[in-house]
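Please look over the sequence and the structure shown here before reading the briefing that follows.

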Amino acid sequence: MDYLPIFVNIKQQHCLIVGGGAVAARKADLFIQAGAIVTVIAPKLKTEMKHHLANGKIVWQMGVFSAEILANLTPPKYVISATDEQSVNQAVYQYCQQKNIPVNVADQTQYCDFILPAIVDRNPMTIAISTGGRSPVLARLMKARLETMIPSGFSKLADLVGRYRQKVKNSISSLDGRKAFWENLLDGSFIDKAVHGKFNEAEQILEYKIQQVVENGQVEPSGEVYLIGAGPGDPDLMTFKALRLLQQADVILYDRLVPIEIVDMARREAERIYVGKKEKYHALEQEDIGQLMVDLAKQGKRVARLKGGDPYIFGRGAEEAEFLVKNNISYQVVPGITAAAGCSMYAGFPLTHRDFSQSVALVAGHQQAGAKAIDYARLANSGDTMVFYMGIKNSPKIQQGLLEQGMNPDTPVAIIENGTTLNQKETICTLENMVETIKETKIKPPALIIVGEVIKVRDRLRPTN
Ligand SMILES: C[S@@+](CC[C@H](N)C(=O)[O-])C[C@H]1O[C@@H](n2cnc3c(N)ncnc32)[C@H](O)[C@@H]1O
């Protein structure tokens with residue numbers, strides 16, 4: 001390890017920044033946030049530092065760094081030198097060495113007693129990232145990744161946990177017992193309630209678990225199910241929440257349309273179970289999937305149920321949620337980008353546009369037994385952009401239904417196969433020649449049939465050169 005990471009309390013401590021430019025201002029900002037009394041020595045201040053001055057966050061000693069200026073100041077605890085003048089930086093460094101004051105010369109690790117890490121700030125939780133001064137850009141990239149993975153509500157979570165620390169100590173006497181208690185709690189639904197500001201619910205969970213330990217001597221395992229919308233195919237279309245919950249899960253149940261790249265975003269040690277359904281081949285029947293989720297959750301496992309697109313759009317997500325409710329299993333649902341939104345966008349046109357269509361209909365093109373028949377009369381006269389999911393096999397009926405209800409045979413149709421993936425294929429035709437086109441171009445599921453004048457916008461959105 002090149003540097004020992006320590007967190008120093010500098011509240012009300014005098015710290016000195018030499019330099020009035022943007023870099024100096026950024027460093028000053030960190031000291032200000034940590035509660036230091038910041039003095040800046042510089043002949044002039046640039047915009048960012050002027051901003052600190054105007055807000056009363058710094059004291060400005062106008063002039064060039066010198067022993068005389070320093071003589072009038074309270075000796076600083078820490079010094080930063082961030083000027084363009086190498087001679088000034090050298091002088092600051094030498095002065096600090098003589099006086100035994102830790103110093104950091106910006107961008108010159110050889111003149112640094114300490115370095116300032118990139119920070120993910122979820123106060124009171126702070127994550128510091130350092131590359132030992134080798135690559136601040138790499139540290140910032142890592143910071144950006146962590147920022148996306150750790151919800152901003154984590155600060156509130158840390159506060160809540162802090163408030164209960166003593167109560168848990170009073171209720172659980174052994175250190176190991178307390179450790180097990182917190183590990184169990186901070187792995188489950190409590191976290192999600194707290195980071196999303198549902199403090200009452202989070203506190204109820206906490207109180208309940210404390211009571212469980214007091215009464216039974218241990219916390220009962222409480223698994224959970226996450227019904228996660230994985231989006232239409234491109235792994236980049238997963239939401240942050242989807243990724244976070246996926247990475248918390250112990251078991252992953254995944255559907256046929258979920259790409260393996262997304263399944264592989266789970267923890268390496270997480271168990272993976274394929275539960276996909278194809279028309280004539282079901283790895284597991286729907287009831288068995290529900291029962292499997294219940295059984296796993298009852299064993300205390302966190303189960304990620306990955307579904308293509310959005311779980312509640314033709315995804316049977318609501319049926320699964322209902323089954324979980326009946327079996328008293330706690331669950332969360334994460335919305336996903338549905339195929340209609342992803343495929344149309346990746347094929348280069350919107351679903352609504354002021355000039356063409358003000359509404360969209362998402363239609364199940366493959367009618368399940370007992371489901372309501374498609375109301376072609378309503379659709380044909382609605383002005384909706386129509387998106388038929390699971391409609392390839394049924395395309396002759398869709399075509400016939402719409403034409404019989406008087407739709408213009410020249411209405412544009414886009415058929416998008418494997419949308420948003422590297423294998424996306426989009427075919428544009430008209431309602432009149434749709435079935436023929438599907439046959440000729442050998443389109444296979446998963447594919448969407450989109451019908452509507454709005455497809456014409458595609459030409460306007462293509463670069464002209
Ligand atoms: C059972 S539905 C699930 C829909 C999913 N829940 C959603 O919100 O996108 C499956 C159908 O969605 C459509 N679909 C899903 N992903 C697709 C993709 N990447 N490209 C084209 N169509 C897709 C196809 O019509 C497929 O037959």
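This is a predicted model: local features need pLDDT of at least 70, side-chain atom pairs count only at pLDDT 80 or more; totals for chains, interfaces and linings use all residues.

Residues are numbered from 1 along each chain as its sequence is written, and side-chain values use heavy atoms, leaving out hydrogens and water.

**Helices H12 and H13**
- The axes of H12 (residues 286-298) and H13 (residues 317-326), which are lines fitted to C-alpha atoms over the stretch in contact with angles from 0 to 180 degrees between N-to-C directions, come within 10 Å and cross at roughly 45 degrees.
- In H12, Gln286, Ile289, Gly290, Gln291, Met293 and Val294 meet Glu320, Phe323 and Leu324 of H13, where contact means heavy atoms within 4.5 Å.
- The residues of this contact of H12 with H13 divide into five nonpolar, three polar and one charged, with Gly counted as polar.

**Arginine 302**
- Arginine 302, which lies in strand E11 (residues 302-307), is buried with a relative accessible area of 10%, buried meaning under 20%, exposed over 50% and partly exposed in between, for a 1.4 Å probe and protein chains only.
- The side chain of arginine 302 reaches the backbone oxygen of glutamine 248 at 3.2 Å.

**Leucine 53**
- Leucine 53, placed in helix H2 (residues 47-54), counts as partly exposed at 32% relative accessibility.
- Leaving aside residues up to four places away in sequence, leucine 53 touches Leu45, Ile58 and Trp60.

Key: Helices (H or I, at least four residues) and strands (E, at least two) are DSSP runs, numbered from the N terminus. A polar contact is a pair of N or O atoms within 3.5 Å; within protein, one must be able to donate a hydrogen and the other to accept it, and residues adjacent in sequence count only if both atoms are side-chain atoms.
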